[in-house]
Amino acid sequence: MISLEAALKLSSEELKNLKQDLSKKIKEKKELGAYIEQFLDSEINTSGDGVPVAIKDNIQVKGWSVTSASKILQGYIAPYDATAIVKLKNAGICPFGRTNMDEFAMGSTTATSFYGKTLNPLDNSRVPGGSSGGSAAAVAGGIAIAALGSDTGGSIRQPAAFCGCVGFKPTYGRVSRYGLGAYSSSLDQIGPITQNVKDAAILYDIIKGHDEKDSTSYNGEYKPTNLDPNKKLKIAVIKNYIENTDEVIKNALLKTIEKLKSAGHEIVYKEFSNANIDIAAYYIIANAEASANLSRFDGVRYGRRAEAKNLHELYANTRAEGFGAEVQRRLLLGTFVLSSGYYDAYYVKAQKAREFIRREYEEVFNEADLIFSPVTPTLPYKFGSITEPLKVYLGDLYTVGANLAGLPAISVPVCKTNEGLSISAQLLGKAFDDENVLNGGLVLENLSKE
């Protein structure tokens, strides 16, 4: 598939041919379930002369159906463009189709979607990761030049790692969340999923910037990303995280570290507290915020409305019929930790743990430019092989910390297994040091080619 960088240089006629070819490939690979809908031949298409980019189904594109892959939002048509979409269109990029995802971004498999599961293009029997699994599968499967996803606790980086492409989560606030379907407002962040690091930097530069419509948007200086493949970095390796991964991932990451040393980068070894602290804090905070955010889906204002005899039944029936099992589970957990008698015991403690995690990262960054860690503790697993929700949640062990601390992070493929599955490494940087993270990603990408 042509890179985003190259596609931006195509003529109108070449772009038209590219879109037709892309549309044909999407139909040929329909079984992947990466796209919910693509609009080349539709009256509401935005093809024009723009470069086609896939959009996750929780980002508003005016005139498109946007459902967050949920039954409760069937029939909802976006009345406006998300700020990220406005920026894409202004840069000559057109939204090309909406990609599948876990319902309301709650999941790590893209198997909780109302539309059915997405398959991993490297091995169709395995999960593609989530919640941005459709975007990652589309890019890795050669049916998207690039895509936008959203990352609440690893939802860009984890599927990118499972599918073998690049996933970048910017610093919280660097990309406007206006027009993004909310899961957890203090954690959510829009970011790119691409074929390579340079494309990720290009797409990030297009969508970043202050937005008055988003109260959490960073109102400071924004400079173009300057990629320098020769930059020497001081990298902190989180030793205990690497040791607690599958043997094949551990060995691949240790080899990558040796390559970094040989290339002249300084390596220091650090250890973090038990990652289970991160997971516990994340799921309490995320589910509590989801409980508040999704209370708007009540059958009154928009979306699905169930039959009912009174207001209480309307709320209960609408949500019972409209939300899937995983969403209901998380909303119940979120409501519980916010309830009287449990707020201090769970939610307040989780916020204190969040501050502890942020300071732990801060201490390491006093001695290093970047942090090196696994993206996931395991390779992509087969559908149905893990049925306990808590075991699925543990797949986010090494990604949720970046969201809790609001840090930029990137997932970059470093090698493949004998079975053709991808193994990726994760780099995290200081808040607002997104350029350094992308530079580090470029270093990893170049070393993986050697």
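Me: UniProt positions follow the numbering used here, feature names are shortened, and annotations may be inferred rather than shown by experiment. Where does UniProt place the "coiled-coil region"?

Reply: At residues 1–32, in an unreviewed entry. In the model, that span is 66% helix and 0% strand, and its end C-alpha atoms lie 17 Å apart. This is a predicted model: local features need pLDDT of at least 70, side-chain atom pairs count only at pLDDT 80 or more, and totals for chains, interfaces and linings use all residues. Residues are numbered from 1 along each chain as its sequence is written, and side-chain values use heavy atoms, without hydrogens or water.

Me: How many helices and strands does the protein have?

Reply: Both are DSSP runs numbered from the N terminus: helices are H or I with at least four residues, strands are E with at least two. The protein has 15 helices and eleven strands.

Me: What is the radius of gyration of the protein?

Reply: It is taken over C-alpha atoms, and the globule rule is 2.2 Å times the number of residues to the power 0.38. A compact globule of 450 residues would come near 22 Å; the protein has 21 Å, which agrees. Along the principal axes, its C-alpha atoms fill a box of roughly 70 × 65 × 45 Å.

Me: In which order do the strands of the sheet run?

Reply: Strands of a sheet pair through backbone hydrogen bonds, either parallel or antiparallel. Here pairing requires at least two DSSP bridges between two strands. Eleven strands form an open, mixed sheet in the order S1-S3-S2-S4-S6-S5-S10-S11-S9-S7-S8.

Me: How many bridges join S10 to S11?

Reply: Seven; S10 (residues 409–416) and S11 (residues 422–429) run antiparallel.

Me: At what angle do H11 and H12 cross?

Reply: Axes are lines fitted to C-alpha atoms, for helices over the stretch in contact, and angles run from 0 to 180 degrees between N-to-C directions. H11 (residues 325–338) and H12 (residues 343–365) cross at roughly 105°, their axes coming within 7 Å. That makes H11 roughly perpendicular to H12; the label covers 65 to 115 degrees, with under 35 roughly parallel, over 145 roughly antiparallel and the rest oblique. Contact (heavy atoms within 4.5 Å) involves Phe336, Val337 and Leu338 of H11 and Tyr343, Tyr346 and Tyr347 of H12. H12 also lies across S7 (234–238), S8, S9 (370–374) and S11, at about 120° to S9.

Me: Which residues make the contact of H3 with H6?

Reply: H3 (residues 83–90) packs on H6 (residues 197–207) at about 110°, with the axes 8 Å apart. H3 is therefore roughly perpendicular to H6. Ala84, Lys87 and Leu88 of H3 meet Leu203, Ile206 and Ile207 of H6. The contact has five nonpolar residues, no polar and one charged. Nonpolar means Ala, Val, Leu, Ile, Met, Phe, Trp, Tyr, Cys and Pro; charged means Asp, Glu, Lys and Arg; the others, Gly among them, are polar.

Me: Which residues does UniProt list for "active site"?

Reply: The unreviewed entry lists Lys56, Ser131 and Ser155. They span 100 residues in sequence, yet no two of their C-alpha atoms are more than 11.2 Å apart, so they gather at one spot. Serine 131 is in the loop between S3 (93–99) and H4 (133–140).
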